[in-house]
Amino acid sequence: SDVVRAFSRSGALKYYAWLAVATAVHHLVFTYWQALQPDSTHRHTPAADWAEPPPALLPGPPPLATPPPPPCGASSRRNGWVSVAASLLGGCAALLPLCCERWLDERRCARLRSALVLVAPLLLSALLYAMAVAGERHDERLAASYDAAFVAYHVLHELMRVVCDAEGARCVARTAYRGAPRFALVGGIATTATLALQSLAQLLGSRPGLGLPLHTQFKLLAAMLLALFAVCLGAA
């Protein structure tokens, strides 16, 4: 059938499977990275500080209005700058494959692409493990290293997302079908696999009874990327 041709016979399965695992992990990391950040300014003000005073025996002046919540601290501002830097650098990284295809010949591009597909999961796993270790120690001195690891992780993922998407689409386009190339069908199946894997990982990590802390869940996500590296190494 066209589905079998689009995945197995065209060679697109390797790129879309790589992308499904890496994107599922990236979605979870991008959602929870601020909660793991080693910064004490994320602590909330205790509720007792805003509790109403006990009633007085004698009538007195009306109680003061409840004070407003504290303004955003330096940590919130820094998180905003980190997110902006990650988004901008990730967008620039997404343009690198196009530039390389214009500057390098097809043979060198193929070698570089194969090397990135093999090595990138190992680098992503190492960056994610570094984030987990920094978040586990709760040391404010590691906040800059944590932020730098997150930015590097996001930039590398954005680069690989474009590489795998483009090469997977080329594989689909090069295959003969009964009708037109099945770009929408292949993309839909890949997206469904990504969301299913992301949901499964999130359910297992937050399953009642396990009680896994967030830094342990990040280490498990890093192990998933390490397993992806092992599979790519075995297939190379």
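The following legends describe close-up views of a predicted model.

Local features are reported where pLDDT is at least 70 and side-chain atom pairs where pLDDT is 80 or more, while totals for chains, interfaces and linings use all residues. Residues are numbered from 1 along each chain as its sequence is written, and side-chain values use heavy atoms, with hydrogens and water left out.

**View 1. The protein chain as a whole.**
The protein chain contains 7 helices and 0 strands. Helices (H or I, at least four residues) and strands (E, at least two) are DSSP runs, numbered from the N terminus. Read from the N terminus on, the elements follow the order α-α-α-α-α-α-α. Of the 236 residues in the protein chain, 33% are buried. Buried denotes under 20% relative accessible area, exposed over 50%, and partly exposed the range in between, for a 1.4 Å probe and protein chains only. Among contacts in the protein chain with a separation of 6 or more, 87% join residues 24 or more positions apart; contact means heavy atoms within 4.5 Å.

**View 2. Helices α4 and α7 pack against each other.**
Helix α4 spans residues 106-137 and helix α7 residues 214-235; their axes come within 8 Å and cross at roughly 165°. Axes are lines fitted to C-alpha atoms, for helices over the stretch in contact, and angles run from 0 to 180 degrees between N-to-C directions. The two helices α4 and α7 are therefore roughly antiparallel to each other. Angles under 35 degrees count as roughly parallel, over 145 as roughly antiparallel, 65 to 115 as roughly perpendicular and the rest as oblique. The crossing of α4 and α7 is left-handed, a term for a near helix turned anticlockwise from the far one by less than a right angle, with right-handed used if clockwise. By class, the residues of the contact of α4 with α7 comprise 19 nonpolar, 2 polar and 2 charged. Ala, Val, Leu, Ile, Met, Phe, Trp, Tyr, Cys and Pro count as nonpolar, Asp, Glu, Lys and Arg as charged, and the others, Gly among them, as polar.

**View 3. Helix α2 also packs against α7.**
The axes of α2 and α7 lie 11 Å apart, and the helices pack at an angle of about 165°. That makes α2 roughly antiparallel to α7. The crossing of α2 and α7 is left-handed. From α2, W18, V21, A22, V25, L28, V29 and Y32 meet L214, F218, L221, M224, L225, L228 and C232 in α7. The contact of α2 with α7 has 14 nonpolar residues, with no polar and no charged ones.

**View 4. Ring pairs link F30, W33 and F150 into a cluster.**
The structure holds 2 aromatic pairs. Rings of Phe, Tyr and Trp (its six-membered ring) pair if their centres lie within 6.5 Å; planes under 30 degrees apart count as stacked, over 60 as edge-to-face and the rest as tilted. The ring centres of F30 and F150 are 5.8 Å apart and the planes stand at 40°, so this pair is tilted. F30 belongs to helix α2 (residues 12-32) and F150 to helix α5 (residues 143-174), so the pair ties together parts 120 residues apart in sequence. F30 counts as partly exposed, at 35% relative accessibility, whereas F150 counts as buried at 1%. W33 and F150 form a stacked pair, 4.2 Å centre to centre with 10° between the planes. W33 lies in the loop between α2 and α3 (74-103), and F150 in helix α5, so this pair ties together parts 117 residues apart in sequence. W33 counts as buried, at 1% relative accessibility.

At 7% relative accessibility, H154 counts as buried. With neighbours within four places in sequence left aside, H154 is in contact with H26, F30, A86, S87 and G90.

**View 5. A227 in helix α7 and L200 in helix α6.**
A227 counts as partly exposed at 42% relative accessibility. Between A227 and L122 the C-alpha to C-alpha distance is 9.0 Å, across 105 residues in sequence. L200 is placed in helix α6 (residues 183-205) and counts as partly exposed at 48% relative accessibility. The C-alpha atoms of L200 and A24 are separated by 9.7 Å, although these residues are 176 residues apart along the chain.
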